Amino acid sequence: MNSSKVQLYNTLTREKEIFSPIHKDEVRMYSCGPTVYNYPHIGNYRAYIFADTLKRVLLYAGYKVKHIMNLTDIDDKTIRESQKEGKSLKEFTEFYTEAFMEDIKSLNIILPEKFTKATDYIEEMVKIIKKLLEKEVAYKSNDGSVYFDIKKFKNYGQLSRLVLEEQKENASGRIKNDEYEKENAQDFALWKAWDEKDGEVFWETDLGKGRPGWHIECSAMSMKNLGEQIDLHTGGVDNIFPHHENEIAQSEGTTGKQFVKYWMHNEWVLVDQKKMAKSFDNFYTLKDLIKKDINPLAYRFWLLMASYRTRVNFVWEALEGAETALKRLYGLYLGLDTDIGSVHKEYQNKFKEYVSDDLDTPRALSLLWDVFKDENISNADKKATILDFDKVLGLGFENLQEEKIPGEILKLAEEREQARQNKDFKKSDELREKINSLGYEVKDTGNGQKINKI
Ligand SMILES: [Zn+2]
């Protein structure tokens, strides 16, 4: 496979570029993961489906990918919410971590090589902050907190295209919150000295009693697991400022080397033209989908119908429409021969071309329909081609095998099993014949009955 042709839109240059990894043999990729303080909403999951699609495209193109995703289990929000519930930070964040793991499984997201918990990397963060203090790009404030001095880092603003001179007098102040707007670009907190609001949450370190700021967490986890320079860093567009801007400042301020070669960001999911967000109370979780009997993969499918770089407006009718279409695809797939033939090269080349063009999944999906409709390809080859496409799309075609047995057949098979246990062989034979007449065969194995389409 020609792996040199993948083109990706780099937020840093605002251009589509030919992807060329730093290390020839391995792509190193870091994704900003969830803050585990609540159930993520489906808008949040767009970031993980996007990162997963990107990884799948690179794997499909023949690259080896080392992928790390973090879990933010210490920040302003986790502390605030765990206190509200009267739980320890650990107990509180572990609960939502588990919920997240379940969700990403149901979205068919390939697990990263490692999930890194911020609280496991405090030592690493302290090391970086000390280095920044030594280099005098960071300073200690009166209360013992440590801030990054944005004026000392000449490239500050390069990712978000922020021009410091245009900032108001604010830019000479300090900000302790983890999240803030571009208008408030100021020196940001690397280490927050303990105050009463933090309660039991603190670490005693060389920097004093306190806790890390949010941004330093990702710099530390990325550099520790993937090295000082990586190929890809993903997140939602919200992360561009301040989070990723600050990650660049901290990491490059420490090493003097470019931190990330390609920054990639997915757009928002809107509801009634407004961003889906906890703060707007206009969000849905995967549980809401499941309650409505909608397969979470229909959400994945719906997102793939649009480029990750365009905003999508969520309405239930659209998702239901996506589910109907996905079910139709499943039905068509199950209607093909059971054996798998060979991948159709021409379609494969087109597919590769589309997904390598900055993950053009809408075109890739329309090609999938074309394969189903093409009467010149054998069913076996269609099946192979669809399974090949699904390595990138992740719609779960390979798992359909089990579900294709209709309920009626399963019921007859169950009755047959009962008859066999009762040693009523006459009845069990009759049932076997009935199952055969409906197009299925049943075999007895060491693990019970096995049912196949004839
Ligand atoms: Zn991050």
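**Core, sheet and zinc site**

Leaving aside neighbours within four places in sequence, Phe397 is in contact (heavy atoms within 4.5 Å) with Leu329, Tyr330, Tyr333, Leu368, Phe372, Ile386, Leu387 and Asp390. This comes from a predicted model, in which local features need pLDDT of at least 70 and side-chain atom pairs count only at pLDDT 80 or more, while totals for chains, interfaces and linings use all residues. Residues are numbered from 1 along each chain as its sequence is written, and side-chain values use heavy atoms, with hydrogens and water left out.

Phe397 belongs to the largest nonpolar core, a set of 79 residues where Leu232, Tyr299 and Phe397 have the most contacts. A core here is a set of buried Ala, Val, Leu, Ile, Met, Phe, Trp, Tyr and Cys residues joined through side-chain atoms within 4.5 Å; buried means under 20% relative accessible area, exposed over 50%, and partly exposed in between (1.4 Å probe, protein chains only). Helix H1 gives the most to this core, with 11 residues. Another core lies apart from it, with 47 residues that include Cys32, Ile175, Tyr180 and Ile240.

As for helix H12, residues 379-393, its 15 residues reach 20 Å from first C-alpha to last, close to the expected 21 Å (1.5 Å times one less than the number of residues). Helices (H or I, at least four residues) and strands (E, at least two) are DSSP runs, numbered from the N terminus. Since 11 of the 15 residues of H12 are buried, the rest of the structure largely encloses it. Those buried residues pack against H1, H8 (296-304), H9 (316-334), H10 (345-355) and H11 (361-373). Just past the end of H12, Gly394 takes a positive phi of about 65°.

S4 (residues 65-71) pairs with S5 over four bridges, and Met69 has Phe115 in S5 as its bridge partner.

Then there is the zinc ion, coordinated at 2.1 Å by Cys32 (SG), Cys218 (SG) and His243 (NE2). Donors are N, O and S atoms within 2.8 Å of the metal (3.2 Å for Na, K and Ca), and sites may look incomplete because water is not among the atoms. Cys32, in the loop between S3 and H1, and His243, in helix H6 (residues 240-255), are 211 residues apart. Both Cys32 and His243 are buried.

How values were computed:
Pairing = 2+ DSSP bridges.
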